[in-house]
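Here are a few exercises to work through with the model open. Try each task before you read its solution.

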2 protein chains.
Amino acid sequence: MTDLEKHQRMANAIRFLAMDAVEKAKSGHPGLPMGAADIATVLFTQFLKFDPTAPDWPDRDRFVLSAGHGSMLLYGALYLLGYEDFSLDELKNFRQIGARTAGHPEFGHGAGIETTTGPLGQGLANAVGMAIAERLQATRFGDDLVDHYTYVLAGDGCLMEGISQEALTLAGHLKLSKLIVIWDDNGISIDGRVDVTDSTDQIARFEASGWATIRVDGHDPAAIAAALRTAQASDRPTLIAAKTTIGFGAPTKAGSAKVHGSPLGADEIAATRKALNWPHAPFEIPSDVLDAWRIAGLRSAHAHKDWEKRFAAKDAETRAEFERRNRGDLPAALKPALQAYKKKLAEERPTLATRQASEAVLTVINEVVPETIGGSADLTGSNNTKTPQTLPVTPDDFSGRYIHWGIREHGMAAAMNGMALHGGVIPYSGTFLVFSDYCRPALRLAALMKQRVIHVMTHDSIGLGEDGPTHQPVEHFAALRAIPDLLFFRPADVTETLECWQLALAADDKPSVLALTRQGLAAQRTAFEEDNLCARGAYVLADAEEGAAATIFASGSEVEIAMAARTALAADGIATRVVSVPCFELFEQQSDDYRAAVIGNSPVKVAVEAGIRMGWDRFIGSDGLFVGMTGFGASGPYKELYAHFGITSAAVAAAVKAGLAGKENV
Amino acid sequence: MTDLEKHQRMANAIRFLAMDAVEKAKSGHPGLPMGAADIATVLFTQFLKFDPTAPDWPDRDRFVLSAGHGSMLLYGALYLLGYEDFSLDELKNFRQIGARTAGHPEFGHGAGIETTTGPLGQGLANAVGMAIAERLQATRFGDDLVDHYTYVLAGDGCLMEGISQEALTLAGHLKLSKLIVIWDDNGISIDGRVDVTDSTDQIARFEASGWATIRVDGHDPAAIAAALRTAQASDRPTLIAAKTTIGFGAPTKAGSAKVHGSPLGADEIAATRKALNWPHAPFEIPSDVLDAWRIAGLRSAHAHKDWEKRFAAKDAETRAEFERRNRGDLPAALKPALQAYKKKLAEERPTLATRQASEAVLTVINEVVPETIGGSADLTGSNNTKTPQTLPVTPDDFSGRYIHWGIREHGMAAAMNGMALHGGVIPYSGTFLVFSDYCRPALRLAALMKQRVIHVMTHDSIGLGEDGPTHQPVEHFAALRAIPDLLFFRPADVTETLECWQLALAADDKPSVLALTRQGLAAQRTAFEEDNLCARGAYVLADAEEGAAATIFASGSEVEIAMAARTALAADGIATRVVSVPCFELFEQQSDDYRAAVIGNSPVKVAVEAGIRMGWDRFIGSDGLFVGMTGFGASGPYKELYAHFGITSAAVAAAVKAGLAGKENV
């Protein structure tokens, strides 16, 4: 058997695993795995550095299947390489509940899946983040501990999504030479030929942003290997445009949209078996083919062993620090540093915008947590995310700790997911809260993947003033609270900002968004508390000595308003409690008893927040009173806007009184 | 005075109006207006076709300030040209509540503002939609009625946002030769020099997608004019890269980030007055300069008069149809056609996925409403948005009614906003509901601008099955209901789908999203009703003869489950009502009496929806029972997923019984 024949049999193993699994599930995408099988075979068996017996080895190459619908390509390859999590039984269970082999690759379902993909373009941007993290870690720990490639297999859809532009321009600018993107250039999308919708010269497009590019026949293993060698040696990120036939091997459906996203059907599969000379039963891989894959799977183990030797030769401190950062544990020094600062704040009680409070807290954090990597999507001065410790990362120097992400919110958020997935760093960003909409698909994936990425989102309400409704979040609190497993924090003052930062860092399996004000806020927490009061999501900030007539719930900048209303009502002899609600999600996790105690049973419940009501009924009931927004904001000085929209302590006090009057009338 | 001197004085008028307005407001962005004043002066006074006395003339050229933060450029030019809505008093009132001159240009604040901009990249994509609409209308009504350019002024931020790639590739593919984008290439963004974050060769990038490109000195009026003439004659869309100095004229701050987004300060303004030889008081425009602008403002009136003559020469039917479509009125034939079809559905009671129901209804609509323009972001077969009437639009033939948008959800939604703003067409799209996240910034702007764009979003829950959690909406119902002034419809069967389509078309000042199922649903509405029951947002689908023990609220595919639970409970002697809730937003607009009557006062209230609880407390109260999702979905066959997540009629019936038991225990 020639090398080419051997290669083709190895590639056909992927093709038939994909075809048969999709057929068995009666659902899935056979076209990409069949078309890209040659690429995957060359990449996985000759290039990729990994160890199937130690799939979490930190210096492994990363492989991202950005075209996630082709998941069977990945599952098939992982099985063939000997990854324990991907047995033949798992492959037979493709797309069934509880299987590791979900419809799209799901991070956490099994070792070997580096990221969750499916929403197009995300994987490409994740990979940019992984390649950034690799360079950051290599600069910190040396090339002998960190020196790996990030490979991406992307489809036409990935390249058509806008996020791809943000990702590739960032990669080109930062000269991420160890990022290699293979474009499965099959010319077919769901609606038919790609040229029905696009006429872009992708090679020229990538070159315009500083990429090296190579064109290659995606079914020629020698050419693919040569291209990968060239790409590895490049001083720039490389796009390999691999011309392929979607559904390669299927006699009547190959090269058409028919093979993209549905089972081929028994007849076509039988014909493909004949055409590719593959007489084996479904899920049966002949031993010569399996052996060839398994041997390739062991190839990299040597690299891993060599790495372990190099690692063992490092001093104990370096080893411990490398491992700590990769585990994601926080330094022991963090807690006392924050507690000391919290004590200071309780004494000084500064009036600060929470974005400024965040900067102050970050200055403490960044001093003792060397793995934080800050940044902003071109709003550094507004987001206050840069501290004295964070010098910029530049294309030629990754010793810095601050990334100027440019005006690329979506790419930033998705790249941060990749950084967190890579490990060793804790990324935090900056943008305006209203632009959480631009990042939303990536925020969702961070939550789905349980990744600790922290987004500082400032200018969090009409309180930003003159920039007007396009820049004023109104529905964003609700929309972000709606994302499962994402912590949305809206701290009320400098101490709450510190506590929320503490919680965001501690939540190593969740993304966080910190919604922060542009405008100054007086300190509401006036006594030092050892405990993190924000940890329970909501707490009684000001109690009523004897039976409150009303409870006022508020978050962020409106806590100040609630407290002012309380003072005004007290003057009228009306006792109120004020509950601060920095995080709905954490409150939901509390015991029924705690929640009932915080919500209390005052006759009147009022919530005040400079956003829409949605979500607050959980606290105040559907008959509770809400002071907030009912539509979009407006352009004007912020104090006037608060008055204009009736979000004032007078309005809150009036609502309480109206509520009490209503109760009396019943 | 030379022509150049005259030009410079005219351009300086924009510069000083911008500087002075920002200074007075103590807030705003003087840098762009000062830098792009020469471009704007040439464009507005020599090229743009418009009529300040008839700003809504349908065949006017469109101008989009995609870099919306430079709003004073637009307001200043509109004042100078003689647009009534933009008086000197309005300019003095820049960024104040109630002013037409908001921080960013807000559509609807005054004639002359063609679209709301600020969130970067959106304006560019809006303009692509406007240019598409122009071609569509020209094909339908002839070049003598529709023949205008769309001009865009875009900044570095617009070009860095991913949406710009979707927009420009679409424009290049469709050969939108009457789209002319002027890039204000000032090399500065908020964080400093653009080369801190990006190294893209924008010229090469645009050329890679089929654009003509021209480089020009953005302060040389003759060169700008020559470039615009070349662009007008191009058979492709054109990018004019105009090198400018941000804050041109400010002696110490020009060319730096300092001039981007803050007032210059009194000293710098005084120095600029000196440097530019502009001894006039703030907001004072010397009469020679104002006259020159006003004369230019009248220049185009001739074109308008000529157009009116051509229009008057058309036959009455053409004139009426042109005007009807531009007004946005629906054809009279629509209502009877839909009512007849609704009657047929009540008789036939077909079991259909609501995406199929939507296709059936669209087939009726598209037959009688010639101005609908359908499309899909590469999911045509899945979204069911193509009907026999809608042939594809192609680069060389705009007679079609269907746009293959490609894998560009964000660009699609933003271009549709531009189509609606242009007028004469009613755009509707298709994608998966989960990808509403990708379009979200454009959905928000559609709502803010009150534009009738209709999004068909299918595969609306775990009911899509095997594609798994990346493709299964969970939080999206809540997140879309949260957007003010957007109608989110989730119809329960074929009749509700018809009614929701009817409402979406009728809502000419609101965008709509129709969330539709992949899976089949039995007809729930079994009798023909003349009235549109969905119009009130929620209604009693099945009542209880004598005092219901429970009310079950549901939307979409879960209405079937609610009805099955009702049947099961009835067998146990428990009477229940079922309320169908196709649209929260419309329900909120009903009278208190209607809302109270629909919610009712059953002892037990249960809601069932295959999404998160958020929002439902409005119906069931905070102590109501909810059957739905609490986290992300999973990959598997859809019926198994419903069982797995406990969203079944048995679970609903059990919840009702548990609720009743709880009440008894109290």
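**Exercise 1.** At what angle do helix α1 (residues 3-25) of chain B and helix α2 (residues 31-47) of chain B pack, and how far apart are their axes?

*Solution.* Some ground rules: this is a predicted model, where local features need pLDDT of at least 70, side-chain atom pairs count only at pLDDT 80 or more, and totals for chains, interfaces and linings use all residues. Residues are numbered from 1 along each chain as its sequence is written, chains are lettered from A and ligands numbered from 1 in the order in which they are written, and side-chain values use heavy atoms, with hydrogens and water left out.

Step 1: the angle is about 130°, with the axes 8 Å apart. Helices here are DSSP runs (H or I, at least four residues), numbered from the N terminus. Axes are lines fitted to C-alpha atoms, for helices over the stretch in contact, and angles run from 0 to 180 degrees between N-to-C directions.

Step 2: α1(B) and α2(B) are therefore oblique to each other. (Under 35 degrees is roughly parallel, over 145 roughly antiparallel, 65 to 115 roughly perpendicular, and the rest oblique.)

Step 3: look at who touches whom, with contact meaning heavy atoms within 4.5 Å. On the α1(B) side you'll find B:Met10 and B:Ile14 among the residues that meet α2(B), whose own partners include B:Met34 and B:Val42. Sorted by type, the contact has ten nonpolar, three polar and two charged residues. (Ala, Val, Leu, Ile, Met, Phe, Trp, Tyr, Cys and Pro count as nonpolar, Asp, Glu, Lys and Arg as charged, and the others, Gly among them, as polar.)

**Exercise 2.** Work out how α14(B) and α20(B) are oriented to each other.

*Solution.* Step 1: the axes of α14 (residues 334-348) and α20 (residues 494-506) of chain B come within 9 Å and cross at roughly 170°.

Step 1: that makes α14(B) and α20(B) roughly antiparallel to each other.

Step 2: for the contact, α14(B) brings residues including B:Leu338 and B:Tyr341, while α20(B) brings B:Leu498 and B:Glu499, among others. The tally is seven nonpolar, three polar and three charged.

Key. Helix = DSSP H or I, 4+ residues; strand = E, 2+ residues; numbered from the N terminus.
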